[in-house]
Amino acid sequence: MGEPQPILDPLSKAALFLVATIDEGGESAVRDLLAELPGLRRSVGFRVPGADLSCVTSIGSTAWDRLFAGPKPSELHEFPGYEGPRHQAPATPGDLLFHIKAETPDACFELAMVIGDRLRGAATVVDETVGFRYFEQRDLLGFVDGTENPEGSQAVSTALIDGSDPDFAGGSYVIVQKYLHDLGAWNALSVTEQELVIGRTKLGDFELSDADKPANSHVAVNTLYDPDGTQRQILRANMPFGSVRDGEFGTYYVAYAAAPDVTERMLERMFLGSDEAAYDRILDFSTAVTGTLFFTPPAGFFDALPDPARTDTAVVEQAPALGDGSLGIGTLRRKD
Ligand code: HEM
């Protein structure tokens, strides 16, 4: 298995997420940037000792076809989007994801500036989110977020592709979504009511007993089993973000998985419902405003990029169109 990009590291104190779309004709400049990235990260990171700067770079399905000839990660596709009876998860455009992490925000911002500079004229940054670690690893709903993430060898098998796709072993699939919380409605609930929404206690972060945990609680909906009883997990790296001026309080949801269908099955249960619950109750207080799926290659990929796609034969899927005032909601997966 190839050395992975640093996706297994513990949560950093600061993070900056850049999502960009590649402009027409920008493919070769983007390839140059991808090849340069490890060196750029070293140049910025070495000047900020202790910041532990890293950048996990991921590539979307359409972008892959535009950038590279040769094999494609077997499960790379566009984020489907979900339209449930009550809540929607839009699919929004994104060719490249830069998940920049450090112990200090200056290091993240410096690397983001360098990347933005290299992308100018070749790609457009469509979303920039500055994430921070909130006290006691809580999200802005006030609950500790990340407790049940797999650890050690379980984290490795959860997040990293193994021999099943040998060309891309050590890679991963990542789904990101930006959620905005309605803190007014949330804070109108009592702590006990909030705990029933999440499925864990707020102060101590203990899981509610099966008898107390509602079927539509966030934890119950996202506890996923295969028919043979094996639990399926994902590796989450959520970060809070917000703006007091704009009244915006959110969670940048980030989930790495060896197979994207695990995260997608969780999203189906959250938005489309299951036999046990109509939808995830957390969605009454949190609205998804973006959603994109990318492939995260192993680290060595950037040292020897595959040959460029031949533009005359490249298959270019159409990204969801914008410009209609919508959030770029693409095709949505609906309940049958
Ligand atoms: C509004 C955005 C979200 C917030 C604020 C949030 C928050 C939380 C919190 C507080 C927990 C309990 C502590 C923990 O184990 O981490 C949790 C658990 C979990 N969440 Fe989320 N989450 C969000 C979105 C999602 C989404 C979109 C998914 C999957 C598609 C997801 C999957 C999970 C999973 C798998 C668990 C662990 C369940 C378990 O095994 O106990 N979360 N989340």
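Is Q137 buried, partly exposed or exposed? Q137 is partly exposed, with a relative accessible area of 36%; the label falls between buried (under 20%) and exposed (over 50%), using a 1.4 Å probe on protein chains only.

## About the model

This is a predicted model, where local features need pLDDT of at least 70 and side-chain atom pairs count only at pLDDT 80 or more, while totals for chains, interfaces and linings use all residues. Residues are numbered from 1 along each chain as its sequence is written, and side-chain values use heavy atoms, leaving out hydrogens and water.

## A loop with positive phi

Q137 sits in the loop between β6 and α4, and its phi is near 55 degrees, a positive value in a residue other than glycine. E136 belongs to the loop between β6 (123-132) and α4 (152-159), and has a positive phi near 50 degrees. Helices (H or I, at least four residues) and strands (E, at least two) are DSSP runs, numbered from the N terminus.

## Iron and ligand

The ligand's iron atom has a single protein donor, H218 (NE2), 2.0 Å away. Donors are N, O and S atoms within 2.8 Å of the metal (3.2 Å for Na, K and Ca), and with water not among the atoms, sites may look incomplete. H218 lies in helix α7 (residues 218-221).

G146, E148, H218, R236 and Y253 come nearest among the 24 residues around the ligand, where a heavy atom within 4 Å is the criterion. A backbone N or O atom of G146 is 2.5 Å from a ligand oxygen, and one of E148 is 2.9 Å from a ligand oxygen.

## Pockets and cavity

Let's turn to the open spaces. The largest pocket holds about 760 Å³, and D145, H218, V219, N222 and R236 lie nearest its centre among 39 lining residues. Helix α8 gives the largest share of that lining, 4 residues. The second largest pocket has a volume of about 440 Å³; R236 is one of the residues nearest its centre.

The largest cavity has about 70 Å³ of space, and its lining includes Q137, R138 and D139. On a 1 Å grid over the protein atoms alone, a cavity is a set of points where a 1.4 Å probe fits but cannot get out, and a pocket is an open set with protein on both sides within 12 Å along at least five of seven lines; lining residues have an atom within 4 Å of a point. Grid points are joined across faces, edges and corners, and a volume is the space filled by probe spheres set on them.

Note on methods
Polar contact = N/O pair within 3.5 Å; in protein donor to acceptor, adjacent residues only side chain to side chain.
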